[in-house]
Amino acid sequence: MRDKNLIAHNTHVPHPGRRSFLQTCLGAGATLAAPSLWASVHRAPERTLSFRNLHTGEKLSATFWAEGDYIREELKAVNQVLRDHRSGDVHAMDPKLLDLLYLLQQSVAVKGAFHIISGYRSPATNKQLSARSNGVARKSLHMQGKAIDIRLPGCELKQLREAALALQAGGVGYYPKSNFIHVDTGRVRRW
């Protein structure tokens, strides 16, 4: 609870209505900026991402797109790092998910490696996890290589979530207690 004296001496306490209004305006501005961000991703001569898999300790920096096309060998390396760490199964990750991560990183202007909590999940792993937690979807897009759970050191989790929501590019889940967000290339939704 806040100290009453602190509040009494603070000369600028925003009105809750004003705060909500400002947040709405900022969100709308970010949404309007999203199309230009998407255009910029297509103009970039190269797209590079860095990852750190928190379960395996592996690190990777991959230029997955250059000269107008995806680079097959780099995509394979990404697939390996984002594999199901429980089973070892490797699955092709959706290149659009990589584009989404690239754009997300550009929008928050924070360099560095995405910390990977979960990339691909085999059906067996997903079944096991969903039996233990109602927070795991039985038909998770992780099983199709279309979802990833991440954090980005140097970027507040809330800021990362807001940037992902503004892109309107798929699902965005927010897990502040576990310190990660979920992004996917499915339909636009939030939780």
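I began with the salt bridge in which the side chains of Arg83 and Glu58 meet, at 2.8 Å from N to O. This pair links distant parts of the chain, 25 residues apart: Arg83 is in the loop between helix H3 (72-81) and helix H4 (95-108), and Glu58 is in the loop between S1 and strand S2 (59-66). I note that the model is predicted, that local features need pLDDT of at least 70 and side-chain atom pairs pLDDT 80 or more, while totals for chains, interfaces and linings use all residues. Residues are numbered from 1 along each chain as its sequence is written, and side-chain values use heavy atoms, with hydrogens and water left out.

**Entry 1. Terms.** I counted a salt bridge when a side-chain nitrogen of Lys or Arg is within 4 Å of a carboxyl oxygen of Asp or Glu. I call a residue buried under 20% relative accessible area, exposed over 50%, and partly exposed in between (1.4 Å probe, protein chains only). Helices (H or I, at least four residues) and strands (E, at least two) are DSSP runs, numbered from the N terminus. Two strands pair if DSSP finds at least two bridges between them.

**Entry 2. Salt bridges.** How many salt bridges does the rule give? The count comes to six. Side chains of opposite charge can pair when their charged atoms come close. I returned to the opening pair and looked up its accessibility. Arg83 is buried, with a relative accessible area of 15%, whereas Glu58 is partly exposed at 25%.

I then looked up Arg121 and Asp149, whose side chains meet in a salt bridge at 3.5 Å, N to O. Arg121 lies in the loop between S4 and helix H5 (123-132) and Asp149 in strand S5, so this pair ties together parts that are 28 residues apart in sequence. Arg121 is buried at 8% relative accessibility, and Asp149 is buried at 4%.

A further salt bridge joins Arg161 to Glu162, with the closest N and O atoms 3.2 Å apart. Arg161 is buried, its relative accessible area being 18%; Glu162 is partly exposed at 37%.

**Entry 3. Strand S4 and its partners.** Is strand S4 mostly covered or mostly open? S4 (residues 114-118) is mostly covered, since five of its five residues are buried. I found strand S1 (residues 46-53) joined to S4 by three bridges, the two strands running parallel. In this pairing, Arg52 has His115 in S4 as its bridge partner. S4 also pairs with strand S5 (residues 147-151), in the antiparallel sense and over three bridges. Here Ser118 has Asp149 in S5 as its bridge partner.

Entry 4. How many bridges join S1 to S2? I found seven, and the strands run antiparallel. Leu49 stands opposite Ala62 in S2. The hairpin of S1 and S2 has five residues between the strands, and Gly57 in this hairpin takes a positive phi near 80 degrees.

S2 pairs in turn with strand S3 (residues 69-70), antiparallel and over two bridges. Ala66 stands opposite Asp69 in S3. S2 and S3 form a hairpin with two residues between them.

Entry 5. Most residues other than glycine have a negative phi, and most peptide bonds are trans. I therefore looked up residues that depart from this pattern. Glu67 has a positive phi of about 50 degrees although it is not a glycine. Glu67 lies in the loop between S2 and S3 and is exposed, at 81% relative accessibility. Ala109, also a residue other than glycine, has a positive phi near 55 degrees. Ala109 is found in the loop between H4 and S4, and is exposed, with a relative accessible area of 66%.

**Entry 6. Helix H6.** Why do I describe helix H6 as largely enclosed by the rest of the structure? Eight of the eleven residues of H6 (residues 157-167) are buried, so the helix is largely enclosed. The buried residues are Leu157, Leu160, Arg161, Ala163, Ala164, Leu165, Ala166 and Leu167. Just after H6, Gln168 takes a positive phi of about 50 degrees.
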